[in-house]
Amino acid sequence: MATHSNRNKIRRGLALILASTAAVISGSAQSNPSLQTYFRQYIGLNQDQIATIQSGQPFAKNLPSRTPAEVFLWGAVYVHATPESYLKFAHDFDRLRKLPNYLALGVFSDPPRLSDLEGFAFTSDEVQALKNCKPGDCQIQLPEDFIIEQNHESINWSAPDVDDRVNQLLHQRALEGMVAYQHDGNKALGVYNDKHDPTEVADQFAYMLSYDKALPVYLPDFYRYLLDYPRAKPANVEDKFYWARVKFGLKPTLRVVQMVTLRGNPGDPLAFAVAEKQLYASHYFETALDMSFCVRGDDPKQPGFYLIMAMGSEQNGLTGLKGSIVRHVAVGRSVNNLRDALASIKATLESSQ
């Protein structure tokens, strides 16, 4: 028969059976890896780094990549607030609009409308760059059906309203692309044909997502939905779509993003998971996926949750000698930015309690 001391040890052990990116939403708690095991085996943290996170200090690192074009970042912090407060924070588009690196942002209606794209536009410099675009050679990342001869022939590039005409075409193509994606999923993302080697966006996304070996094991429905949208949608998942013009690198970048939110059941170790899946970017990112996970805390004396963030992307310009230098600087800056973001989110959520 177990002693009182042993029973306490058992209870403490069970309380540590939490999952983050490897969390199971359903099934027995005993089948989940402990958070300590996840930190050590999946992320490669040592005890000091784990203690940093548990003490409420933000921690971030870059993870090994398979190719120079890949960038994977990971970070975590313990937040003394409710997981619901983070979900409200993540869905607050008015907050995003106020951030200095967001130049414009719009949320798509259901179903999407052309008017949703007001403000989604190329600059005059980008319009002029488009004038010289041809398949395999373009300064702007575009699907192949945009960089075609009839588009160029349909535009009077010397007209005083050329910017408006090009952006009207952009809006129409973006709306058509959104409707096609909502019907056909990843295969509607098409091919980027701005470089010598075309990029099959759906294949690139699937390859990038394959980096996470834990997600398909412990959250198979969520993983499958990211790959097979709109098929097999789990009952506890909802979608939002938005576009943004953001400051990044040397050029402002237009992005279209799908936000996929998974809600755990009351009492589940994983309260929420939010994935922001890039559907389009005009510069830099061929594909990108940012994921955040709210894992309920295990200490009744310090109620709260672990906020865990995992970010992956395939980026242009990171190969070769020059690219390796750019990569080193960009990755270091990104790790610092993630750490700062975790600290800022923690402070914001805790101050509102």
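**Overview**

I counted twelve helices and ten strands in the protein chain, taking helices (H or I, at least four residues) and strands (E, at least two) as DSSP runs numbered from the N terminus. This is a predicted model, in which local features need pLDDT of at least 70, side-chain atom pairs count only at pLDDT 80 or more, and totals for chains, interfaces and linings use all residues. Residues are numbered from 1 along each chain as its sequence is written, and side-chain values use heavy atoms, with hydrogens and water left out.

**Confidence**

I checked pLDDT next (the predictor's confidence in each residue, from 0 to 100). The protein chain has a mean of 84, and 84% of its residues reach 70 or more. Helix α1 (residues 4-15) has the lowest confidence, at a mean of 42, while helix α4 (residues 83-90) has the highest, at 97. Over residues 1-33 the pLDDT is below 50, and I note that this stretch has 56 contacts in the model beyond near neighbours in sequence; a contact means heavy atoms within 4.5 Å.

**Whole chain**

Of the 353 residues, 48% count as buried (under 20% relative accessible area with a 1.4 Å probe, protein chains only; exposed is over 50%, partly exposed in between). Among contacts between residues at least 6 apart in sequence, 62% join residues at least 24 apart.

**Strand β9**

How many of the twelve residues of strand β9 are buried? Ten are, so β9 (residues 285-296) is largely enclosed by the rest of the structure.

I then looked at its partners, where two strands pair if DSSP finds at least two bridges between them. Strand β8 (residues 270-281) pairs with β9 in the antiparallel sense over seven bridges, and Lys277 stands opposite Leu289 in β9. The two strands form a hairpin with three residues between them, and Tyr284 in the turn has a positive phi of about 70°. Strand β10 (residues 305-315) also pairs with β9 in the antiparallel sense, over eleven bridges. There, Met311 is the bridge partner of Asp290.

**Helix α11**

In helix α11 (residues 220-228) I found Phe222, Tyr223, Tyr225 and Leu226 buried. Seen down the helix axis, the buried residues of α11 fall within an arc of 160°, so they line one face; the arc is that of the directions from the helix axis to the C-beta atoms.

What do these buried residues pack against? My list has α9 (201-209), α10 (215-218), β6 (237-248), β7 (251-263), β8 and β9.
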